[in-house]
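Hello,

Here is the structure I promised to pass on.

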Amino acid sequence: MDGWYVDDRCTNCDVARQLAPEVLVEVDGKSQVRRLPVDEAETRLLHAAAFACHTRSIRPASGRLDPADDPFPLALDDDVLLCGHNSPQTAGANAYLLRRPDGTQMMIDTPRWSTSLAERYAVRGPVTDVLLTHRDHAAHGRRYADHYGARLWIHQGDIDAAPDADRVLDGTEPKEIAEGVTVHPLPGHTEGSVLYVADGRYCFSGDSFYWSRTTDDLAVAESVTWYSIEELAASLARVAPQLRFEWVLPGHGDRRRLPADEMSRRLRALAHRTQLLQPRPIDFTAIRW
């Protein structure tokens, strides 16, 4: 459309459509440019989608993106930024920066690695911790942690993905790892999956659950639950009564903000629905974005 195109490397990870849902749509399991941006805001979002795409499949007519149009890190709320520049080595997972009251930041999961990106993310404050939600998103954790002199966190259940982690979580009990930041172990998607809740407002859910635009509700990716859907159901039943947050900020799947009471109600309902699910073969095409 007007020179913009999506090439055949698209893996249908949904990241681009999360950012520019009016311009990009899913057609036959791929993203496609539906129409031209109608204003400057949509043009910026199309550029954001292009710079986030982990296969760099979204291109203007020239085939080259202008670095001046790169919006990342992109503020989602007062204290959370989206890193963009998603990595092929994490299947295109989203990563985030969490600002803390003392001016430092935490990185939750990791974007693709480059020194220039690492320096760009640190402009707003030093990064003290790299928090991994599970093994699938561990690819660049050590490099970012070493660059920043930060602590790298992972759960014991997924320790083989980051054997040199500086902080190893264990068990299933919640733990406050910094003022206002609590980790909740959530085995299911993987054995060592966790989620991080910050300030009673933000829930970085990894791949344990996400917001589905198809169902307009919280959802679990049952068709890509590597470890155990039964364990995931048990984990959600355990944590649902404990969690209070407004934002769900997943690795894969869309983001959403709702009042905390409404989000709590939906999380309890998700826990109930997940208990009814049965194990099934891995099938990436079955995810309802």
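How do the residues of the lining of the largest pocket divide into nonpolar, polar and charged? They come to 11 nonpolar, 13 polar and five charged.

Before the rest, a word on the source. This is a predicted model, in which local features need pLDDT of at least 70 and side-chain atom pairs count only at pLDDT 80 or more, while totals for chains, interfaces and linings use all residues. Residues are numbered from 1 along each chain as its sequence is written, and side-chain values use heavy atoms, with hydrogens and water left out.

**Pocket and cavity**

The largest pocket has a volume of about 500 Å³. It is lined by 29 residues, and the closest to its centre are Ala 91, His 252, Phe 284, Ile 287 and Trp 289. A pocket here is an open set of points on a 1 Å grid over the protein atoms alone, with protein on both sides within 12 Å along at least five of seven lines; a cavity is a set of points where a 1.4 Å probe fits but cannot get out, and lining residues have an atom within 4 Å of a point. Grid points are joined across faces, edges and corners, and a volume is the space filled by probe spheres set on the points.

Searching the whole structure turns up one cavity of 30 Å³ or more. The largest cavity has a volume of about 90 Å³. Its lining has 15 residues, and Cys 10, Cys 13, Ala 16, Ser 31 and Cys 53 lie nearest the centre. Helix H1 (residues 15–19) gives the largest share of that lining, three residues. By type, the lining of the largest cavity has seven nonpolar, six polar and two charged residues. Helices (H or I, at least four residues) and strands (E, at least two) are DSSP runs, numbered from the N terminus.

**Cysteines**

How many disulfides does the structure hold? It holds zero, a disulfide being a pair of cysteine sulfur atoms within 2.5 Å. Cys 10 is in no disulfide, and the nearest cysteine sulfur, that of Cys 53, is 6.6 Å away. Cys 10 counts as buried, at 9% relative accessibility. Buried means under 20% relative accessible area, exposed over 50%, and partly exposed in between (1.4 Å probe, protein chains only).

**Helix H2**

His 47 sits in helix H2 (residues 40–52) and is buried at 14% relative accessibility. Leaving aside residues up to four places away in sequence, His 47 touches Trp 4 and Asp 69, where contact means heavy atoms within 4.5 Å. Other buried residues of H2 include Glu 42, Leu 46 and Phe 51. The buried residues of H2 pack against H1, strand S2 (24–27) and strand S4 (58–59).

The length of H2 agrees with expectation: at 1.5 Å a residue its 13 residues should span 18 Å, and its end C-alpha atoms are 18 Å apart. The expected span is 1.5 Å times one less than the number of residues.

**Backbone points to look at**

Most residues other than glycine have a negative phi, and most peptide bonds are trans. Asp 14 has a positive phi of about 85° although it is not a glycine. Asp 14 lies in the loop between strand S1 (5–6) and H1, and is buried with a relative accessible area of 1%. Asp 216, likewise not a glycine, has a positive phi of about 55°. Asp 216 is in the loop between strand S16 (210–212) and strand S17 (217–219), and counts as partly exposed at 44% relative accessibility.

Phe 72 and Pro 73 are joined by a cis peptide bond, with omega about 5°. Pro 73 belongs to the loop between S4 and strand S5 (74–77).

Best wishes

Note on methods
Ala, Val, Leu, Ile, Met, Phe, Trp, Tyr, Cys and Pro count as nonpolar, Asp, Glu, Lys and Arg as charged, and the others, Gly among them, as polar.
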